[in-house]
Amino acid sequence: CWYNSVFCVQFLPVYIPSEEERKDPVLYANNVRRIMAEALGVSVTDYTFEDCQLALAEGQLRLPADTCLLEFAKLVRSLGLKPETLEDDLDKYATSAMKMKKEKVDLKEFSAYLEFPESHTLESMFALFDENEDGIIDIREFVIALSVVCKPSKTLETIQLAFELYQSENGTITEEDLAHILKTAMGVSQINVTHLFKAVDEEEKGEITYDEFYRFAELYPHFADDYLYADQMGAESSLDTSSLSAPNGICADFSPENAEDKKKPLQKKLN
């Protein structure tokens, strides 16, 4: 059976909540957590076990250190979307997005699409996809990101869904489409897909189908390492996650405090 070994137990002084903390249990919990973290010499992070599963999922596309999908996953939870119904929600949103095709929406329309009232959380989620800061987003990108959160280890299922959202009438996508798909699926602002696209597009048609991509992925299951991450090694984008430390032995530390992101604005998928 599974167990943990305990080598040392440290008892901290009893923490008595202040009057303010008695009125605000979240404040009380956060302050206790901070004191425990200081005693352990570790940083505090708001990421959950599910976030760690997302970050370390063993799909064909691993999430990079600078992904915004962990932030997206937190916002999904904050909206009240339940893990047990996420796949049903995904099907509903995907069906609606396919009818909308390339149509972009503003915050009010996004609120109606999700059937959630406008809120700070919804605005923050909207901002992740507002690539040009012009107040409109491509709803297909939200659907792809939600698919990654729902099925982090099922890369090809997400890519198949993305092809259905982006493909032309003859069932093909372009290199530009593939770039949009993979940037969203990885939650990064920049990625070079040229080598990957050319490898899949053997006949140099300038467009590919999902079946062609699937056959290529079956032949080259490590295509991301060979055609995506390798292209970024000399770039500023930190797509290599192999050097990330795991201070708790389970999940790499994506703490905003360590990444010095606490004072930065919310990172968008695209800049």
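In this predicted model, the span of residues 188–223 is 50% helix and 0% strand. Its end C-alpha atoms lie 18 Å apart.

The largest nonpolar core comprises 67 residues. Within this core, four phenylalanines touch the most other members: Phe 72, Phe 110, Phe 142 and Phe 213. The biggest contribution to the core comes from helix H8, which supplies nine residues. Helix H8 covers residues 139–150.

The contacts of Phe 142 were listed without residues up to four places away in sequence. Two of the partners are Phe 72 and Phe 110. Phe 142 also touches Phe 129, along with the tyrosines Tyr 93 and Tyr 113. Leu 114 and Met 125 complete the list.

Thr 158 belongs to helix H9, residues 155–166. The relative accessibility of Thr 158 is 5%, so the residue counts as buried, the cut-off being under 20%. The side chain of Thr 158 makes a polar contact with the side chain of Ser 147, at 2.7 Å. Beyond four places in sequence, Thr 158 touches Ser 147, Ile 144, Val 148 and Lys 151.

Note on methods. Residues are numbered from 1 along each chain as its sequence is written. This is a predicted model: local features need pLDDT of at least 70, side-chain atom pairs count only at pLDDT 80 or more; totals for chains, interfaces and linings use all residues. Side-chain values use heavy atoms; hydrogens and water are left out. A nonpolar core is a set of buried Ala, Val, Leu, Ile, Met, Phe, Trp, Tyr and Cys residues joined through side-chain atoms within 4.5 Å. Buried means under 20% relative accessible area, exposed over 50%, partly exposed in between (1.4 Å probe, protein chains only). Helices (H or I, at least four residues) and strands (E, at least two) are DSSP runs, numbered from the N terminus. Contact means heavy atoms within 4.5 Å. A polar contact is a pair of N or O atoms within 3.5 Å; within protein, one must be able to donate a hydrogen and the other to accept it, and residues adjacent in sequence count only if both atoms are side-chain atoms.
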